[in-house]
Amino acid sequence: MLRFVASRIARAALTISMVVTFAFIVLRMSGDPAQIIMGADAPPEAVDAFRTAWGLDEPIWVQYLSYFWAILQGDLGRSMRDGRDAIVLVTERIPATLALTLPALAIKIGLGIPAGIYAALHRNSLADRIVMVVAVAGFTVPSFVLGLLLVLLFAVQLGWLPSGGQESWRHAILPVVTLGLGGAAVLARFTRSAMLEVLGQPFIRTASAKGVPWRAVVVGHALPNAAIPTVTIIGFMVGSLIAGAVVVESVFSWPGVGRLLVVAVGNRDLAVVQCVLLLVAVTMVCSNLIVDLLYGLLDPRLRGAARKAA
Amino acid sequence: MIRRRHLLAAPALATLPRPSLAQADQRPSITIAVQKVSNSNTLEVLREQSNVGERVFYSSLWEGLIGRNWLGALESVPGLATEWRRIDDRTVELKLREGVRFHNGDEMTAEDVVFSFGRERMFGSGDAAPGAGTLFARIPGQGPQGKELPPEVVAVARRIWPALERVEPVDRHTVRFVNRTPDVTMEGRLARYGSDICSRRGFADAASWLDWARKPVTTGPYMVAEFRPDVSLTLVAHDQYWGGRPPLRQIRFVEVPEVASRINGLLSGEYQFACDIPPDQIAGIERNRAFEVQGGTILNHRLTVFDKNHPQLRDARVRRAMTHSIDRQAIVDSLWAGRTVIPKGLQWDYYGEMFHADWSVPRFDLAEARRLLREANYRGEPIPYCLLNNYYTNQTGTAQILVEMWRAAGINVQIQMVENWAQVFARETPRAVRDWSNSAPFNDPVSSIVNQHGPNGQQQQVGEWTNDEFNRLSGELETSTDRARRRIAFRRMLEIAEREDPAFTVLHQNATFTAKRRDVAWKASPAFAMDFRPGNFGS
């Protein structure tokens, strides 16, 4: 088990260093941060002064090595727009983003999985068709379209909810619903497919033939076996908790990590972008690690395979 | 006396958000949705030199010695100085307004003015601070003394006041500005964005330059209550304001990046104003009779800029042909709903005696364009056009129209989409045509044609264009005190840069639009600035 975890951590470290390198190259090769941050009308001498002050006049490889060395020492750099530590800027936005993505994750799981199970257990019924039509619609409608539709209905027409901002819990309702519905649709489709595949397996027929009550067959045999693809999808959803609401945060003017990322990329604010990417990579890697461990819990065969490999 | 304006405003004021303890202060609070509060995440006029900055700074927060008539033609008016006079070609003396209070309660004196234009706040130590060689080693604004100026602040200050020798107090309420060289534009520079007054004690009390820049202590009718970078700026009334009690208890600017979200928030009543409305949304908003869109032209012209080093543009006749191929009125009518104008070249009415009323942009004349191209022996070789995606309002649409207009004349311009200004200016890729906009920060051509296209201006600094005679005239315009000669020099510079050896061609004046409830009595200024002083909000 220790070797398993150690190899995963080593792979994660490699992934993160590749993300950092790739982001650095792409961001630095696609524009001079000094010119972008200072704007089109900035006096040339102001742009030059900015460039010198931030070491942007150094060769790119020197900048990269400095940055990488700083990261290894735990220094994630400072925002060129702000002068503040990038990690502080990013971490102070995380609660706002989690205030959207965690309730949205609850909606995705609480709505998507039961809907998918219900549709699978009532395959080809009217309920199944309705669930799938709604799921396909939720799956295909872009979040900014869904968000604006919800705003038009609940904020502009009915006046029940605010259209944007972050002043109260009411401001979170529409963005959470926008995020939650799209994810619930995805989960519903995956859960239905997984359940249908499992329900067609011989061991389900065997259990039924042995007289096991249908509810027990579903709960005891079908659900655990259908859980693996669903857990994989949920793992991705957990991994995107930090930066998975970029569009929704823009539509609803929600000051989270996603909006910070958009602004930072636009300004080539390297330290902030890379800090967000690092956090996203770490979150994604951790959630994948947890998913891998859950596989072992859910499927005894995988535990056995791991033991044999060890 | 009850005026009609008061009656019109009454229903609006009744429905605006009110504080829970309204007995203490009956004034309304408003929320304004903007695309961006501040690009630099600071509120320091020397760091945030942008249109969005102008909106929140003037006339709510910052004020200069010489002000502007924000609700008129932007002409100079007494501000924190009540009168001024020329001592000689290099010296202006100003009489300060008495009884002006800063947001911290201090009275403004000559010492504050001297400090505002001093090394500590504006010009720095005189040495550009070098970087420590790494990308992340320095924190501008948080140096060893905590008040080290970011280098770009110093650079901007030197651009605004390139030859300021000293500012000296004459008495408690009189100051003199002394220039190293004769300069007829000193009064204009005093009225411009960046020459504003701050509290000496306010600066000293801040822990760092960044703290100061996020909560500057100034004299405006509103003061900073809370600034959340990238999120919102909350201003509250400064009741000791010299111009009378501000009509609003609180102004809150909130960043709403999506235009649809700004409009929805306005329609649902969350915002009282929605700014940065694209022209194509105006009709849709005004279909609802409860709302209107105000605004119009601002002190900013949209240009097409040429790089005369490109092989196809070396011959001025090709550039001249391009200027004659543009039907500017078609652009104004189709993309701006006719709500802006074609100006008389790179100049503005408020130049006063320096304004050439008989000047105009090159006329739309396809036959002339084709004749020039024949003479230049241009045979349809491709000309690249580096284009940003709607950095300016209607930028992409305008570019597509321009390309078709040029094609009609026989000019093969090809759009190359780029992502940022660094890519626009990159010398590694072919440069020929790009977009730009030019402002006139004060009422003299030095503020625009010299500062932006002269020897030290951006266009020449990035190596796109130069012209010896133009550069000589730039120097004359900056230093001559002979107003008649300056006027002639300016005329000649327009002829060179817009007709003979085009550096650019002016397309149209830019405009900005603000949507609001029709029953709110408020008037937009011909600028990005939003005026909420006494007299311009239902009181």
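This is a predicted model: local features need pLDDT of at least 70, side-chain atom pairs count only at pLDDT 80 or more; totals for chains, interfaces and linings use all residues.
**Overall look**

I started with the secondary structure: chain A has 15 helices and 0 strands. I then checked the extent of the C-alpha trace, which spans about 85 × 60 × 30 Å along its principal axes. Of the 310 residues in chain A, 43% are buried. I also looked at contacts in chain A with a separation of 6 or more, and 73% of them join residues 24 or more positions apart.

**Annotated spans**

The record marks "transmembrane region" at residues 12-31, 98-121, 133-160, 172-190 and 271-298. I looked at two of these spans in the model. Residues 12-31 are 90% helix and 0% strand, with end C-alpha atoms 29 Å apart. Residues 271-298 come out as 100% helix and 0% strand, and their end C-alpha atoms lie 40 Å apart.

**H11 against H14**

Next I went to H14(A), which runs over residues 270-298, and to H11(A), residues 214-239. How do their axes cross? I get roughly 170 degrees, with the axes coming within 8 Å. The angle is over 145 degrees, so H11(A) is roughly antiparallel to H14(A). On the H11(A) side I noted contact residues including A:Pro224, A:Ile228, A:Val231 and A:Gly235. On the H14(A) side they include A:Met284, A:Ser287, A:Val291 and A:Tyr295. I sorted this contact by class and found 11 nonpolar, 6 polar and no charged residues.

**Where A touches B**

I counted 48 residues of chain A in contact with 50 residues of chain B. Several helices of chain A each supply at least two residues to that side, among them H2 (33-38), H4 (60-72), H8 (143-157) and H14 (270-298). Which helix gives the most? That is H3(A), with 7 residues. By class, the side of chain A that touches chain B has 24 nonpolar, 16 polar and 8 charged residues.

**Cores**

I finished with the nonpolar cores. The largest has 156 residues, and those with the most contacts inside it are A:Phe50, B:Ile32, B:Ala33, B:Ala274 and B:Met493. I followed up A:Phe50, leaving aside its neighbours within four places in sequence. A:Phe50 is in contact with A:Ala34, A:Ile37 and A:Met38, and also with B:Pro151 and B:Glu152. There is a second, separate core of 69 residues, which includes A:Ala86, A:Leu105, A:Leu174 and A:Ala271.

Technical notes
Residues are numbered from 1 along each chain as its sequence is written. Chains are lettered from A and ligands numbered from 1 in the order in which they are written. UniProt positions are given in the numbering used here, feature names are shortened, and annotations may be inferred rather than shown by experiment. Helices (H or I, at least four residues) and strands (E, at least two) are DSSP runs, numbered from the N terminus. A nonpolar core is a set of buried Ala, Val, Leu, Ile, Met, Phe, Trp, Tyr and Cys residues joined through C-beta atoms within 7 Å. A residue is buried if 20 or more other C-beta atoms lie within 10 Å of its own, exposed if 12 or fewer, and partly exposed in between; C-beta atoms are placed from the backbone. Two residues are in contact if their C-beta atoms, placed from the backbone, lie within 7 Å. Ala, Val, Leu, Ile, Met, Phe, Trp, Tyr, Cys and Pro count as nonpolar, Asp, Glu, Lys and Arg as charged, and the others, Gly among them, as polar. Axes are lines fitted to C-alpha atoms, for helices over the stretch in contact, and angles run from 0 to 180 degrees between N-to-C directions. Angles under 35 degrees count as roughly parallel, over 145 as roughly antiparallel, 65 to 115 as roughly perpendicular and the rest as oblique.
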